Amino acid sequence: MKKVLVTGAAGSVGVHVIKYLLAEGKYEITALDLKNKNVFKRMRRFRKRINILYGDVNDRVLIEALVKDHDIIIHLASSLPPLSDMKKGLSEIIDFDGTENIVRAISYYNPKCHLFFASTTSMYKTTENPTVKTKIELDEYDYFAQAKYKAELLIKDKLKNYTIYRIPLVLSNPLCEPFMYHVKKDMIIDCITKEDAAYAFVKGIKYISDINRKTFNVTGEETVKVRDLYDKMLEINGLTFKYVLSRIFLEKNYYSPVCADKDELNNIINYRNDSLAEYYNRLRSRAKKRKFARFLAKPFVKNK
C-alpha cells in the first residue's frame with residue numbers, strides 16, 4: 001500500500017484530495033496542516049481513517065521524518081493572494097522555503113519519492129493563450145507567482161520524480177473559503193472547481209509514469225467571463241462583507257488566462273467530472289436561507 005502525504009490538507013482542494021484518496025481504498029494517508037481551530041474542524045471527519053499531523057512545512061526535522069516514510073507527496077501548502085501579495089516575504093517563506101525543505105529531504109533521504117506540486121497559472125501575466133512553454137515574465141510585486149516559479153525551477157533542478165500542476169482560479173464556496181475577488185471583471189478566464197483540481201492530483205497517481213518530470217496547466221473544461229461569474233455568485237449567495245471589501249479595496253492583479261494547452265493533462269488522465277452548472281447548483285443548496293443577502297446584492301448585479 002502506497003503512502004501519500006498531503007500538505008495543506010485542510011484547504012479547499014486538500015480536503016477533497018483526502019476524500020478521493022480514501023475512496024480509492026488503497027493508500028495510507030498522512031495529512032499535514034497548521035494547528036488552529038479551523039483546521040481542527042475541517043479535519044475532524046477524517047481522524048479515524050487517516051494520520052493527521054499538525055505542523056509547518058518549514059519544520060525541517062518533521063519534514064525529513066515524513067519524507068523518509070512516504071512514496072508520494074501532494075504539496076498544496078501555500079500562502080494565497082491577496083494576503084501573499086500584501087505581505088512581502090510571506091510567499092517566499094511558505095511557497096518557496098517550505099518547498100525547498102521538502103525537496104531537500106527528498107534528495108537526501110528518499111529520491112524515489114514522487115512530488116506533486118501545486119503551482120499557478122497566474123504567472124502568465126503578459127501572454128494570451130499561454131502554454132507551459134511560454135516564457136515567464138514576472139511582475140515584481142506578484143510575490144505569490146515569483147515564489148511558485150522559483151519553487152518550480154528548484155524542483156526541476158533537484159528531483160528525478162515530480163509533476164507540476166499550474167492551477168487557475170479555483171471555484172470554492174465564497175461564504176466559507178478563500179476566493180479570488182481581485183480579478184478584472186472584463187477578463188475571460190480559465191477556472192476549475194476544487195473537486196476537479198483535487199481529482200487531478202489523485203488521478204495523476206495512477207498515471208505517474210506518463211506524467212513524470214512534466215508540467216501541466218490544469219484547468220476545467222469551461223471558460224467564464226469574470227463579471228458573469230461574480231454576478232452569478234451574488235445572485236446565489238447574496239451580498240457579503242468580504243465581497244464588498246474585496247471589490248473596493250483590492251488591486252485587480254490576479255490573472256487566470258485561458259491556456260492553449262488546457263486539455264493536455266485531461267487527455268492523459270481524464271480528471272474532469274465537474275461543470276459550472278454543477279458548481280452553481282452546489283452554491284444554491286448551501287445558500288437557501290440568504291434571502292435578505294440576495295436582496296441586498298441586486299444593485300451590484302449588472303442589468304441583463
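Visitor: How do the axes of α5 and α6 cross, and within what distance do they come?
Guide: In this predicted model, the axes of helix α5 (residues 90–109) and helix α6 cross at roughly 10° and come within 8 Å. Angles under 35 degrees count as roughly parallel, and α5 and α6 are therefore roughly parallel to each other.

Visitor: Which residues make the contact?
Guide: On the α5 side, the residues are Ser 91, Glu 92, Asp 95, Phe 96, Thr 99, Glu 100, Val 103 and Ser 107. On the α6 side, they are Tyr 143, Phe 144, Ala 147, Lys 148, Lys 150, Ala 151, Leu 154, Ile 155 and Lys 158.

Visitor: And how do those residues divide by class?
Guide: The contact of α5 with α6 has eight nonpolar, three polar and six charged residues.

Visitor: Let us turn to the sheets. In what order do the seven strands stand?
Guide: The order is β3-β2-β1-β4-β5-β6-β9, in an open sheet with parallel pairing.

Visitor: Which strands stand at the edges there?
Guide: The edges are β3 (51–54) and β9 (214–217). Each has a single partner strand, so one side of each is left without a neighbour in the sheet.

Visitor: By how much are neighbouring strands turned against each other?
Guide: On average the turn is 15° between neighbouring strands of this sheet, direction ignored.

Visitor: How many bridges are there between β1 and β4?
Guide: Strand β1 (residues 2–7) and strand β4 (residues 72–75) pair over four bridges, in the parallel sense. Within this pairing, Leu 5 stands opposite Ile 73 of β4.

Visitor: Which strands does α1 touch when it packs on the sheet?
Guide: Helix α1 touches β1, β2 (27–33) and β4, and its direction makes about 165° with that of β2. Helix α6 (residues 143–158) also packs on the sheet, where it touches β5, β6 (162–167) and β9. The direction of α6 makes about 155° with that of β5.

Visitor: Staying with α1, what angle does it make with α7?
Guide: The axes of helix α1 (residues 12–24) and α7 cross at roughly 45° and come within 8 Å. The two helices are therefore oblique to each other. In handedness, α1 passes α7 in a right-handed crossing.

Visitor: Which residues meet in that contact?
Guide: From α1 there are Ser 12, Val 13, His 16, Val 17, Tyr 20, Leu 21 and Glu 24. They meet α7 residues that include Ala 197, Ala 198, Tyr 199, Phe 201, Val 202 and Ile 205. By class, the contact of α1 with α7 has 10 nonpolar, two polar and four charged residues.

Visitor: Now the aromatic rings. How many pairs are counted?
Guide: The count comes to 12 aromatic pairs. One case is Phe 116 with Phe 201: the ring centres are 6.5 Å apart and the planes stand at 75°, so the pair is edge-to-face.

Visitor: Where in the chain are Phe 116 and Phe 201?
Guide: Phe 116 lies in strand β5 (residues 114–120), and Phe 201 lies in helix α7 (residues 194–206). The two are 85 residues apart, and the pair links distant parts of the chain.

Visitor: What is the order of the three-strand sheet?
Guide: That open sheet has the order β7-β8-β10, and its pairing is mixed. The edge strands are β7 (169–171) and β10 (223–225), each of which pairs on one side only. From one strand to the next, the twist averages 55°.

Visitor: How many bridges join β7 to β8?
Guide: Three bridges join β7 to strand β8 (residues 188–193), and the two run parallel. Val 170 has Ile 192 as its bridge partner in β8.

Visitor: Finally, how do α8 and α11 pack?
Guide: Helix α8 (residues 226–237) and helix α11 (residues 276–286) pack at an angle of about 25°, with their axes 9 Å apart. These helices are therefore roughly parallel to each other, and α8 passes α11 in a right-handed crossing.

Visitor: Which residues make that contact?
Guide: Helix α8 contributes Leu 229, Lys 232, Met 233, Ile 236 and Asn 237, while α11 contributes Tyr 279, Tyr 280, Leu 283 and Arg 284. The contact of α8 with α11 has six nonpolar, one polar and two charged residues.

Definitions and conventions
Residues numbered from 1 in each chain as written. Predicted model: local features only at pLDDT ≥ 70, side-chain atom pairs only at ≥ 80, totals over all residues. Heavy atoms only, no water. Axes fitted to C-alpha atoms, helices over the stretch in contact; angles between N-to-C directions. Parallel < 35°, antiparallel > 145°, perpendicular 65-115°, else oblique. Left-handed = near helix turned anticlockwise from the far one by under 90°. Contact = heavy atoms within 4.5 Å. Nonpolar A, V, L, I, M, F, W, Y, C, P; charged D, E, K, R; others polar. Pairing = 2+ DSSP bridges. Phe/Tyr/Trp six-rings, centres within 6.5 Å; stacked < 30°, edge-to-face > 60°.
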